[in-house]
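Here is a briefing on one structure. Have the sequence and the coordinates open while reading.

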Amino acid sequence: SASPADPIVLRECRVSDRRESERRHQDAARRAQQIIARCSYGPHPYLGAKGLYSEQALIDPEPVKLPDGSTESGCIVIPMRNFRTGAVQSVQWIGRQKKYLPGGQARGAVHALGPQKAQTVWLCEGIATGLSAFAAVKSLYRQDKVLVTFSAGNLAHLAPQIQGRAIVIADNDNSGTGQRVAQETGLPSVMSPIEGEDINDLHQR
């Protein structure tokens, strides 16, 4: 009989796990499309708190269960699209807390701001940083694109896939993670000089 360490058994388990993971991702992608479809554009207190008073976002009218167990209606919805295909993979909700769609695939997902073809691509982690960066390049009349990657790990994953000129917008984390990941990409980077700040904090200050 086959032992748990049997190579054939292990391979079959990995294939089964991969298929189950793909099924969860596909189900979440369909759910994400439904969530986006029920939203409407509007202002949100989060954007105002970030100094982005003129910005609007997709607003979810349905209650969302947040990580702390509470529910909140009227959260921002940020579509998370596949970097290469543009297909919706998942969503991020932003209210009193941030939450990702369970089962959604965050790896390889971006939220793009700017033209399809760009002089320069700027990579950052969060939506507020992305909106601040995009406001800056627009004020310089640059045809640049900002890609929100949602995490430092995903930024590191996507950086080698960018064709043409790319710059990392690093968070100046207390842990040093943002700066370390930016350096590891080998790309030029910019960062607030003050520890604990991201570019949105710098923008507001």
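Contact here means heavy atoms within 4.5 Å. The model is predicted, so local features need pLDDT of at least 70, side-chain atom pairs count only at pLDDT 80 or more, and totals for chains, interfaces and linings use all residues. Residues are numbered from 1 along each chain as its sequence is written, and side-chain values use heavy atoms, with hydrogens and water left out. Helices (H or I, at least four residues) and strands (E, at least two) are DSSP runs, numbered from the N terminus. Buried means under 20% relative accessible area, exposed over 50%, and partly exposed in between (1.4 Å probe, protein chains only).

**Thr-71**

- Thr-71 sits in strand S4, residues 71-72.
- Its relative accessibility is 52%, so Thr-71 counts as exposed.
- Beyond its neighbours within four places in sequence, Thr-71 is in contact with Val-64, Lys-65 and Arg-96.
- Thr-71 and Arg-96 are 25 residues apart along the chain, and their C-alpha atoms are separated by 9.6 Å.

**Nonpolar core**

- A nonpolar core is a set of buried Ala, Val, Leu, Ile, Met, Phe, Trp, Tyr and Cys residues joined through side-chain atoms within 4.5 Å.
- The largest one has 25 residues; Tyr-46, Leu-47, Ile-76, Ile-127 and Val-146 have the most contacts inside it.
- Among the elements that give two or more residues to this core are helix H2 (45-49), strand S5 (75-82), helix H3 (127-139) and strand S10 (145-148).
- H3 gives the most to this core, with 6 residues.
- Setting aside neighbours within four places in sequence, Leu-47 is in contact with Leu-52, Tyr-53, Glu-55, Gln-56, Ala-57, Ile-76 and Leu-131.

**Salt bridges**

- A salt bridge is a side-chain nitrogen of Lys or Arg within 4 Å of a carboxyl oxygen of Asp or Glu.
- By this rule there are 9 salt bridges.
- Glu-20 and Arg-24 form one of them, at 3.8 Å, N to O.
- Both residues of that pair, Glu-20 and Arg-24, lie in helix H1 (residues 7-38), 4 residues apart, about one turn of the helix.
- Glu-20 is partly exposed at 32% relative accessible area, and Arg-24 is partly exposed at 40%.
- Another salt bridge joins the side chains of Arg-38 and Asp-60 at 2.8 Å, N to O.
- That pair links distant parts of the chain: Arg-38 is in helix H1 and Asp-60 is in strand S2, 22 residues apart.
- Arg-38 is partly exposed at 27% relative accessibility, whereas Asp-60 is buried at 0%.
- Asp-144 and Arg-142 also meet in a salt bridge, at 2.6 Å, N to O.
- Asp-144 is buried at 0% relative accessibility, while Arg-142 is partly exposed at 27%.
- Salt bridges that share partners join Glu-20, Arg-23, Arg-24, Asp-27 and Arg-30 into one network.

**Aromatic pair**

- Rings of Phe, Tyr and Trp (its six-membered ring) pair if their centres lie within 6.5 Å; planes under 30 degrees apart count as stacked, over 60 as edge-to-face and the rest as tilted.
- The structure holds 1 aromatic pair.
- The rings of Tyr-100 and Phe-150 have centres 6.3 Å apart and planes at 80 degrees, so this pair is edge-to-face.
- Tyr-100 is in strand S7 (residues 98-100) and Phe-150 is in the loop between S10 and helix H4 (152-158), so the pair links distant parts of the chain, 50 residues apart.
- Tyr-100 is partly exposed at 35% relative accessible area, whereas Phe-150 is buried at 11%.
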